[in-house]
Amino acid sequence: MTSHLLIDFDSTFTKVEALEELADIALQRHPDKARIVEEIRTLTDAGMDGRVSFAVSLHRRLSLLAAHERHLAPLIERLREKVSDSIARNRTFFLHPPVECYILSSGFREFIEPVVLSYGFDSQHVLANSFAYAADRCIVGCDEMNLLSHDHGKVLQVQKLALKGEVSVLGDGYTDFEIREAGLATRFYAFTENVARPSVIARADEIVATFDEFLLKAGLR
């Protein structure tokens, strides 16, 4: 029976939170840039720690972005340079994985897919949100029909996948743990290479500081 690995993107596959990076790019000339970016960071942490509703955290962050479609190209280039060190050095694992790998993220397909496709991921195995745009291509929100834009979105998405066999989740946030809590994953590995969230670590089956350590503990190396 096939085994599956669900990998988070922000602060797991990459070292950073992409919406914070997008804000940094979009608000370059804004006089309140530092305050707004810090507010976005605070909302990210609150959502990932489980202190506020994920949907509330996401929608508040999007309302602060003031981003345009033209800002996505420089964001993608920045994210390609900020893939987590241990993920980058294990690139061959993803090119020929012994398990079925998915990127499962509450982030956005527009910037995730260009980064992970070069690691061998099929676009159908990239599960993420999508931006909503105004007529002038300003980013005004997200596709509300996407399960991942809502509270417990990762749980709903994994339920829809109906995976059979072993399911491992690797991530840094509370929304990753929720998959295990819902009984949809065999093990949840808290990934701490980039950020260590105490509320998430306390709920993990395993704590892994690098992808190398994950491969060892999961019996994939």
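The dialogue below takes up these topics in turn.

Author: Please bear in mind throughout that this is a predicted model.

Reader: How is the packing of two helices to be described, and at what angle do H2 and H4 pack?

Author: Two packed helices are described by the angle between their axes and the distance between the axes. Here, helix H2 (residues 18-26) packs with helix H4 (residues 54-65) at an angle of about 15°, and their axes are 10 Å apart. H2 is therefore roughly parallel to H4, since angles under 35 degrees count as such. The crossing of H2 past H4 is left-handed.

Reader: Which residues make the contact of H2 with H4?

Author: H2 contributes Leu19, Leu22, Ala23 and Ala26, while H4 contributes Leu58, Arg61, Leu62 and Leu65. By class, seven residues of this contact between H2 and H4 are nonpolar, none is polar and one is charged.

Reader: At what angle do H2 and H3 pack?

Author: The angle between H2 and helix H3 (residues 33-49) is about 170°, with the axes 10 Å apart. H2 is therefore roughly antiparallel to H3, as angles over 145 degrees are classed in that way. On the H2 side the contact is made by Glu20, Ala23 and Asp24, and on the H3 side by Lys33, Val37, Ile40, Arg41 and Thr44. The residues of the contact between H2 and H3 comprise three nonpolar, one polar and four charged.

Reader: Let us turn to the strands. In which sense do E4 and E5 pair, and over how many bridges?

Author: In a regular strand the side chains alternate between the two faces of the sheet. In this model, strand E4 (residues 131-133) and strand E5 (residues 139-142) pair in the antiparallel sense, over three bridges. Phenylalanine 131 has cysteine 142 of E5 as its bridge partner. Five residues lie between the strands of this hairpin.

Reader: Is serine 11 buried or exposed, and where does it lie?

Author: Serine 11 belongs to helix H1 (residues 9-13) and has a positive phi near 65°. Its relative accessibility is 5%, so serine 11 counts as buried, the cut-off being under 20%.

Reader: Which residues of H9 are buried, and what covers them?

Author: In helix H9 (residues 153-161), the buried residues are Gly153, Lys154, Val155, Gln157 and Val158. Their cover includes strand E1 (4-7), strand E2 (100-108), strand E3 (126-129) and helix H10 (174-181).

Reader: What does histidine 4 touch?

Author: Histidine 4 lies in strand E1 and is buried, with a relative accessible area of 6%. Leaving aside residues up to four places away in sequence, histidine 4 touches Val99, Glu100, Tyr102, Leu163, Lys164, Glu166, Val167 and Ser168. Between histidine 4 and threonine 186 there is a separation of 182 residues in sequence, and their C-alpha atoms are 9.8 Å apart in space.

Technical notes. Residues are numbered from 1 along each chain as its sequence is written. This is a predicted model: local features need pLDDT of at least 70, side-chain atom pairs count only at pLDDT 80 or more; totals for chains, interfaces and linings use all residues. Side-chain values use heavy atoms; hydrogens and water are left out. Axes are lines fitted to C-alpha atoms, for helices over the stretch in contact, and angles run from 0 to 180 degrees between N-to-C directions. Helices (H or I, at least four residues) and strands (E, at least two) are DSSP runs, numbered from the N terminus. Angles under 35 degrees count as roughly parallel, over 145 as roughly antiparallel, 65 to 115 as roughly perpendicular and the rest as oblique. A crossing is left-handed if the near helix is turned anticlockwise from the far one by less than a right angle, and right-handed if clockwise. Contact means heavy atoms within 4.5 Å. Ala, Val, Leu, Ile, Met, Phe, Trp, Tyr, Cys and Pro count as nonpolar, Asp, Glu, Lys and Arg as charged, and the others, Gly among them, as polar. Two strands pair if DSSP finds at least two bridges between them. Buried means under 20% relative accessible area, exposed over 50%, partly exposed in between (1.4 Å probe, protein chains only).
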